[in-house]
Amino acid sequence: LDEPSIYEKLKISLQQKRDTFLEAIEASNFKYTPSKSTYFQLASYANITDEADVDYAKRLTTEFGVASIPISVFYHNNRDEKMLRFCFAKDEEVLKKAGDILCKI
């Protein structure tokens, strides 16, 4: 915290990664509002399937190789909003590959 340039660079880097991921999924059926102050992006899959978020997250991982976190696991009542949480703190190549895969779904 004594050296602001370190976390300022991190802020810029994460925003670039978020933007890379969002550009990569722009043509997909996932809907999102760009995230702020985090390295996770929420995305709705309501236009894709009626599956429960836990089931869909598992299927995305096993069938397509893209990991996500179902939002319902954060609620005490497991409320399913048809939203997944994607981590974009990854290499640009990984983000673009994930975007390619998600755009084909």
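Me: Where do the charges sit on average, how many Å apart are the mean positions?
Reply: The mean positions of the 15 positive and 17 negative charges are 0 Å apart. Lys and Arg count as positive, Asp and Glu as negative, while His and the chain ends are not counted. Each charge is placed at NZ of Lys, CZ of Arg, CG of Asp or CD of Glu.

Me: What kind of model is this?
Reply: This is a predicted model, where local features need pLDDT of at least 70, side-chain atom pairs count only at pLDDT 80 or more, and totals for chains, interfaces and linings use all residues. Residues are numbered from 1 along each chain as its sequence is written, and side-chain values use heavy atoms, with hydrogens and water left out.

Me: How many helices and strands are there?
Reply: The protein has 3 helices and 3 strands. They are DSSP runs numbered from the N terminus: helices are H or I with at least four residues, strands are E with at least two. From the N terminus on, the order is α-β-α-β-β-α.

Me: What does α2 span?
Reply: Helix α2 covers residues 53–64, 12 residues in total. From first C-alpha to last it reaches 15 Å, close to the 16 Å expected at 1.5 Å a residue. That expected span is 1.5 Å times one less than the number of residues.

Me: Which of its residues are buried?
Reply: D53, Y56, A57 and L60 in α2 are buried. Buried means under 20% relative accessible area, exposed over 50%, partly exposed in between (1.4 Å probe, protein chains only).

Me: Why do they line one face?
Reply: Seen down the axis of α2, the buried residues fall within an arc of 100°, so they line one face of the helix. The arc is that of the directions from the helix axis to the C-beta atoms.

Me: And what is on the face turned away?
Reply: That face of α2 carries the exposed residues K58, T62 and E63.

Me: What do the buried ones pack against?
Reply: The buried residues of α2 pack against β2 (69–70), β3 (83–87) and α3 (92–103). Contact means heavy atoms within 4.5 Å.

Me: Back to Y56. What does it touch?
Reply: Not counting residues up to four places away in sequence, Y56 touches F30, Y45, I48, T49, E51, L84 and I105. Y56 and L84 are 28 residues apart in sequence and 8.9 Å apart in space, C-alpha to C-alpha.

Me: Why does Y56 count as buried?
Reply: Because Y56 has 1% relative accessibility.
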